[in-house]
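Student: Could you walk me through this one? I have not looked at it before.
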Amino acid sequence: MTDAAIIDIQNLRTQFGRAVVHDNLNLQVRQGEILSIVGGSGSGKTVLLRQMLGLEVPKRGTIKILGEDIHSRQAKHIQYLRKRSGMLFQHGALYSALSVFDNVAQPMRELRTLPEALIHDMVYLKLQMADIGFEHARKMPSDLSGGMIKRIALARALALDPELLFLDEPTAGLDPDRSDSFVKLILSLHKQLSLTVVMVTHDLDSLFALSTRIAVLADKKVLTVGTPQEVVKVEHPFIERFFLGGRGNRAMEVLEQPDQGPVPDHPQQHKEN
């Protein structure tokens with residue numbers, strides 16, 4: 001990780017009618033880190049994520065990604081930047097009418113420049129990276145468990161070899177074992193691919209296990225940003241409620257335990273539905 005800002009958000013104002021969600025919000029995401037965004041209901045976490053992707057436009061302010069203002073009127077710039085980022089939506093958002101293979105292939109086919117033989121090989125590589133056995137490639141989303149859908153959606157997010165990976169509630173709906181497995185997979189891919197990751201989550205276990213830094217949204221701005229240990233020391237009602245209750249204290253205890261060793265770079269292929 002370096003101190004260079006791969007995402008630079010300055011003086012952001014987000015407004016829907018008379019409702020102001022963000023006001024004078026500033027945030028920088030460093031290259032190679034995993035930055036997690038937390039906040040209460042209505043604080044605009046997912047809206048901010050969508051603005052970074054160029055899917056929504058703020059009322060005022062700038063969002064620069066890789067040095068480019070993504071909300072300038074140059075559409076080609078936006079498309080180029082989107083190709084350099086991947087997005088894992090909360091519920092996977094797989095196309096229900098497409099097979100696992102075709103879901104992962106879809107971003108590659110949209111480029112209209114890659115031969116089908118290369119797409120075939122790349123899809124199987126991405127499935128392997130996401131710990132998906134090749135026997136699942138022809139299944140339909142309706143045949144898959146929630147954990148499988150998350151992994152396939154992750155494979156699709158990595159289809160174009162992005163530098164940036166956005167995660168919206170990546171462990172939502174997973175049982176503890178599958179959640180832990182998915183966290184280990186994200187950590188392994190982050191290391192192998194030198195990704196910069198921006199994540200929105202309310203899951204404290206995942207938050208502490210994954211985050212290099214945490215940005216707390218409150219009072220319509222970034223209240224504080226820092227390591228988990230730094231953030232929990234900030235005096236604010238939301239931080240006290242969110243981090244310092246029973247669940248937060250238990251998650252912090254796990255974080256402070258001695259390191260149990262590195263996450264394996266090549267997890268065993270996931271064979272179950």
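Tutor: What follows covers the sheet, the nonpolar cores and one serine.
Tutor: This is a predicted model, in which local features need pLDDT of at least 70, side-chain atom pairs count only at pLDDT 80 or more, and totals for chains, interfaces and linings use all residues. Residues are numbered from 1 along each chain as its sequence is written, and side-chain values use heavy atoms, with hydrogens and water left out.
Student: What order do the strands of the open sheet have?
Tutor: The six strands run in the order 6-7-8-3-9-10, with mixed pairing; strands (E, at least two residues) and helices (H or I, at least four) are DSSP runs numbered from the N terminus, and two strands pair if DSSP finds at least two bridges between them.
Student: And which are the edge strands?
Tutor: They are strand 6 (85-88) and strand 10 (221-226), each of which pairs on one side only.
Student: OK, new topic: how many residues has the largest nonpolar core?
Tutor: It has 39 residues, and Val-123, Leu-127 and Leu-165 have the most contacts inside it. Such a core is a set of buried Ala, Val, Leu, Ile, Met, Phe, Trp, Tyr and Cys residues joined through side-chain atoms within 4.5 Å, where buried means under 20% relative accessible area, exposed over 50% and partly exposed in between, with a 1.4 Å probe and protein chains only.
Student: Which helix gives the largest share of this core?
Tutor: Helix 5 does, with seven residues.
Student: Why does Ser-179 count as buried?
Tutor: Because its relative accessibility is 7%; Ser-179 lies in helix 6.
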